[in-house]
Amino acid sequence: MKVQLLAMLVVSTVLLSGCQGYGTHQSMMGVSRQMTHNIQISGAFGMSLGQLFDPDDAIAVATDDDGATYYQFSPVNPYSNFDNYFVAITPISHQVYYIGMTTDELQFAADQLQFAADELRNGNNPDACQSVAVELSLALVEKYGPYTTRSSIGPMWIDTAANRSITVNCRNRGAMMQMFDETLIEQALIEKAQLEPKPDPSGL
């Protein structure tokens, strides 16, 4: 009980100290371990990292400023009051390398990913946002144990064997959970390069 309580206090303190700008992709790079324990991350909401995802099955599609494409989907197992779920996939093999959910209302329009603040769902209420993020983090502590490390945006759980991670943050537009497969992120970059037009050697 003391260990569980300590973990809850640690996660709560971390989240309450970090409500800054909104970020989407945050990988495991540039973080230092604080706690070491073995966890296994496979997926969430009925979606698995590494599984194939048909872009035609998406509810909506959008591309952010960095050129990453996101596909909104209906979760098999939705979580609490989170309404918006989306994935990113490798551009050729269509393997899921990123799973995210947010309390924000996602606006998928004109190929630009926009996060619309919703005052009734924590968008402009930092205290409520942090409360939701802490609740979600405690659920992750119950499932995976204490967080592995803390990144620049908040607590992070790391599956070292599978090279996967989970982050939770409370940003200025709502609470968000993100799940990554670092190996497939690298594969996505390789496939993206393969799709880019090759320069004409003639120079014409």
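In this predicted model, the largest nonpolar core holds 32 residues, and F53, V87, I99, W157 and M177 touch the most other members. Several elements build this core. β6 (84-89), β7 (96-102), α2 (126-144), β12 (164-171) and β13 (174-181) each supply at least two residues. The largest share comes from α2, with 7 residues.

Take I99 as an example. Apart from its neighbours within four places in sequence, I99 is in contact with G43, A44, F45, M47, S48, L49, F73, F86, V87, M177, Q178 and M179. There is also a second, separate core of 11 residues. Among its members are A68, A88, I185 and A188. In soluble globular proteins, nonpolar side chains tend to be buried together.

Now the aromatic rings. The structure holds 7 aromatic pairs. A pair of aromatic rings is described by the distance of the centres and the angle of the planes. Two of the pairs are set out here.

| Pair | Centre distance | Plane angle | Class |
|---|---|---|---|
| Y70 and F86 | 5.9 Å | 80° | edge-to-face |
| F86 and Y98 | 6.0 Å | 40° | tilted |

Why is the pair of Y70 and F86 edge-to-face? Its planes lie at 80°, and angles over 60 degrees count as edge-to-face. The planes of F86 and Y98 are at 40°, so that pair is tilted.

Both pairs link distant parts of the chain. Y70 sits in strand β5 (residues 69-72) and F86 in strand β6, 16 residues apart. Y98 is in strand β7, 12 residues from F86. Y70 and F86 are buried, and Y98 is buried too.

Conventions: Residues numbered from 1 in each chain as written. Predicted model: local features only at pLDDT ≥ 70, side-chain atom pairs only at ≥ 80, totals over all residues. Heavy atoms only, no water. Core = buried A, V, L, I, M, F, W, Y, C linked by side-chain atoms within 4.5 Å. Buried < 20%, exposed > 50% of the residue type's maximum accessible area, 1.4 Å probe, protein only. Helix = DSSP H or I, 4+ residues; strand = E, 2+ residues; numbered from the N terminus. Contact = heavy atoms within 4.5 Å. Phe/Tyr/Trp six-rings, centres within 6.5 Å; stacked < 30°, edge-to-face > 60°.
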